[in-house]
Amino acid sequence: MAERPLRADARRNRERVLAAAAEAFAERGYDVPLDEIAAAAGVGPGTVYRHFPTKEALFEAVSLARVQEHAADARARATADDPGAAFDGFLARLAEEAERKRDFPDALAGAGAEGIAEAVAEMQDALGVLLARAQAAGAVRGEITVKDLVALLKAMLYVVRADPEPELRQRVYAVLRDGLRPPAG
C-alpha cells in the first residue's frame, strides 16, 4: 500500500526539522540532542519523532541530502572545460565543508544506511569521472584511484573537524593537493 502524501502543515514541519537538523549536525556533529533540534525547528519532540523515529533516521536523512548534493556537484564539474580546475574546485569545496559542517565526514562514511551507501557510491562514481578527466589532463597523478582519493579525503575531513585551528584546513588541503599532482619533470 502506498504512503499517503503528507498534509501541507506536516510537510512544512518535516522541512523545518530537516533544516534545523542539518544546521545542528553541521555545527556540532552527531551528538546534538533531538530536543535541541526540535526547539530550533519550532516544533515539539513528538513532531520530530513522528517524522524520524530515531536520531539515526534523522541523521541519515540529512546525510543523504548532503552526499547527493556533492554527487551532483562532482557530476556537474566533470563536464568542465578545464578538468584540473574542476577537480581542484571539488576538493576545495570538500575542504571548506569539513570546516563548516562537522557531520560531513560521518555522512561521507555512509553511516551504515543503505540509501546513504548508495549515494556515497554515486558520488564516488562521479568523482571517478572527475578524477579520470583530471588525470588525462595531467593535473593528477595517474596511479591514484578513486579508493585512494576517498581515503585521503576522509582523512583530511576528520583532521580538519578534530582541530579548531583556522589555518589547518588550508595547510592540509595544500599538502593533499600537492601530493596528488604528478611529479615534476
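In what order do the elements of the chain run from the N terminus on? They run α-α-α-α-α-α-α-α-α. The model is predicted, and the legends below describe close-up views of it.

**View 1. The chain as a whole holds nine helices and zero strands.** Of the 185 residues in the chain, 41% are buried. Among contacts between residues at least 6 apart in sequence, 70% join residues at least 24 apart.

**View 2. Helix H1 (residues 8-28) crosses helix H2 (residues 34-41).** The two axes come within 8 Å, at a crossing angle of roughly 125 degrees. H1 is therefore oblique to H2. The crossing of H1 and H2 is right-handed. On the H1 side, the contact is made by Arg16, Val17, Ala20, Ala21, Ala24, Phe25 and Arg28. On the H2 side, Glu36, Ile37, Ala40 and Ala41 take part. Sorted by class, the contact of H1 with H2 has eight nonpolar residues, three charged residues and no polar ones.

**View 3. The largest nonpolar core contains 32 residues.** The members that touch the most other members are Phe87, Leu130, Val140, Leu149, Leu153, Met156 and Leu180. At least two residues of this core come from each of helix H4 (55-77), helix H5 (83-100), helix H7 (114-136), helix H8 (146-162) and helix H9 (168-180). H7 gives the most, with nine residues.

**View 4. Met156 is one of the core residues that touch the most other members.** With neighbours within four places in sequence left aside, Met156 is in contact with Leu91, Leu94 and Ala95, and also with Val172, Tyr173 and Leu176.

**View 5. Helices H8 and H9 cross at roughly 165 degrees.** Their axes come within 10 Å. Because angles over 145 degrees count as roughly antiparallel, H8 is roughly antiparallel to H9. The crossing of H8 and H9 is right-handed. H8 contributes Leu149, Leu152, Leu153, Met156, Val159 and Val160. These meet Leu168, Arg169, Val172, Tyr173, Leu176 and Leu180 in H9. The contact of H8 with H9 divides into 11 nonpolar residues, one charged residue and no polar ones.

Key. Residues numbered from 1 in each chain as written. Predicted model: local features only at pLDDT ≥ 70, side-chain atom pairs only at ≥ 80, totals over all residues. Heavy atoms only, no water. Axes fitted to C-alpha atoms, helices over the stretch in contact; angles between N-to-C directions. Helix = DSSP H or I, 4+ residues; strand = E, 2+ residues; numbered from the N terminus. Parallel < 35°, antiparallel > 145°, perpendicular 65-115°, else oblique. Left-handed = near helix turned anticlockwise from the far one by under 90°. Contact = heavy atoms within 4.5 Å. Nonpolar A, V, L, I, M, F, W, Y, C, P; charged D, E, K, R; others polar. Core = buried A, V, L, I, M, F, W, Y, C linked by side-chain atoms within 4.5 Å. Buried < 20%, exposed > 50% of the residue type's maximum accessible area, 1.4 Å probe, protein only.
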